[in-house]
Amino acid sequence: MSVSGLCQICESRPAANRCPNCGTLACEVHFDESLRLCADCASQAQPGPGNDDVEINRF
Ligand SMILES: [Zn+2]
Ligand SMILES: [Zn+2]
């Protein structure tokens with residue numbers, strides 16, 4: 001897959017991938033290979049620190 005243009009996140013590195021979720025061009029730094037998402041989408045898809053493996057607590 002060839003992508004032309006600059007990473008739309010840092011705008012300083014050549015884009016290596018296009019996010020299939022939002023279409024953002026992302027360089028290899030700003031593209032999560034495991035999630036196949038740009039950094040923006042990956043940060044939204046991944047649970048935040050201390051919030052991983054979210055389960056409903058029953059009181
Ligand atoms: Zn970048
Ligand atoms: Zn994205």
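Residues are numbered from 1 along each chain as its sequence is written, chains are lettered from A and ligands numbered from 1 in the order in which they are written, and side-chain values use heavy atoms, with hydrogens and water left out.

**Overall picture and confidence**

- The protein has one helix and four strands, where helices (H or I, at least four residues) and strands (E, at least two) are DSSP runs numbered from the N terminus; along the sequence they follow the pattern β-β-β-β-α.
- The mean pLDDT, which is the predictor's confidence in each residue on a scale from 0 to 100, is 86 for the protein, and 73% of its residues reach 70 or more.
- Among the elements, strand 2 has the highest mean pLDDT (97) and helix 1 (residues 39–45) the lowest (93).
- Where pLDDT is low, predicted coordinates should not be read in detail.
- Of the 59 residues in the protein, 25% are buried, a word that means under 20% relative accessible area, while exposed means over 50% and partly exposed in between, with a 1.4 Å probe and protein chains only.
- Of the contacts (heavy atoms within 4.5 Å) between residues at least 6 apart in sequence, 5% join residues at least 24 apart.

**The zinc ion (ligand 1)**

- Cys 7 (SG), Cys 10 (SG), Cys 27 (SG) and His 30 (ND1) coordinate the zinc ion (ligand 1) at 1.9 to 2.3 Å; donors are N, O and S atoms within 2.8 Å of the metal (3.2 Å for Na, K and Ca), and because water is not among the atoms, sites may look incomplete.
- The arrangement around the zinc ion (ligand 1) is tetrahedral because its four donor atoms subtend angles of 98 to 118°, and four donors count as tetrahedral if all angles lie between 85 and 135 degrees.
- The donor residues of the zinc ion (ligand 1) are spaced C-x2-C-x16-C-x2-H in sequence, and distant parts of the chain are linked by the pair of Cys 7, in the segment before strand 1, and His 30, in the loop between strand 2 and strand 3 (31–32), which are 23 residues apart.
- Cys 7 counts as buried, at 1% relative accessibility.

**The zinc ion (ligand 2)**

- The zinc ion (ligand 2) is coordinated at 2.3 Å by the SG atoms of Cys 19, Cys 22, Cys 38 and Cys 41, and its site is tetrahedral, with angles of 107 to 114° among the four donor atoms.
- Along the chain, the donors of the zinc ion (ligand 2) follow the spacing C-x2-C-x15-C-x2-C, and the pair of Cys 19, in the loop between strand 1 (17–18) and strand 2 (25–26), and Cys 38, in strand 4 (residues 37–38), links distant parts of the chain, 19 residues apart.
- Cys 19 is buried, with a relative accessible area of 2%, and Cys 38 is buried at 0%.
- Thr 24 is found in the loop between strand 1 and strand 2 and is buried, with a relative accessible area of 15%; not counting residues up to four places away in sequence, Thr 24 touches Gln 8, Ile 9, Asn 17, Arg 18, Cys 19 and Cys 38.
- A search of the whole structure finds zero disulfides, a disulfide being a pair of cysteine sulfur atoms within 2.5 Å.

**Arg 13 and its surroundings**

- Arg 13 counts as partly exposed, at 31% relative accessibility.
- Leaving aside neighbours within four places in sequence, Arg 13 is in contact with Leu 6, Cys 7, Cys 27, Glu 28 and Val 29.
- Arg 13 and Cys 27 are 14 residues apart in sequence and 6.0 Å apart in space, C-alpha to C-alpha.
- The side chains of Arg 13 and Glu 28 are joined by a polar contact of 3.1 Å, a term for a pair of N or O atoms within 3.5 Å, of which, within protein, one must be able to donate a hydrogen and the other to accept it, and residues adjacent in sequence count only if both atoms are side-chain atoms.

**Residues with positive phi**

- Most residues other than glycine have a negative phi.
- Glu 11, in the segment before strand 1, has a positive phi near 55° and counts as exposed at 58% relative accessibility.
- Arg 36, in the loop between strand 3 and strand 4, has a positive phi of about 60° although it is not a glycine, and is partly exposed, with a relative accessible area of 38%.

Terms used
Predicted model: local features only at pLDDT ≥ 70, side-chain atom pairs only at ≥ 80, totals over all residues. Tetrahedral: all angles 85-135°; square planar, octahedral: opposite > 155°, others 65-115°.
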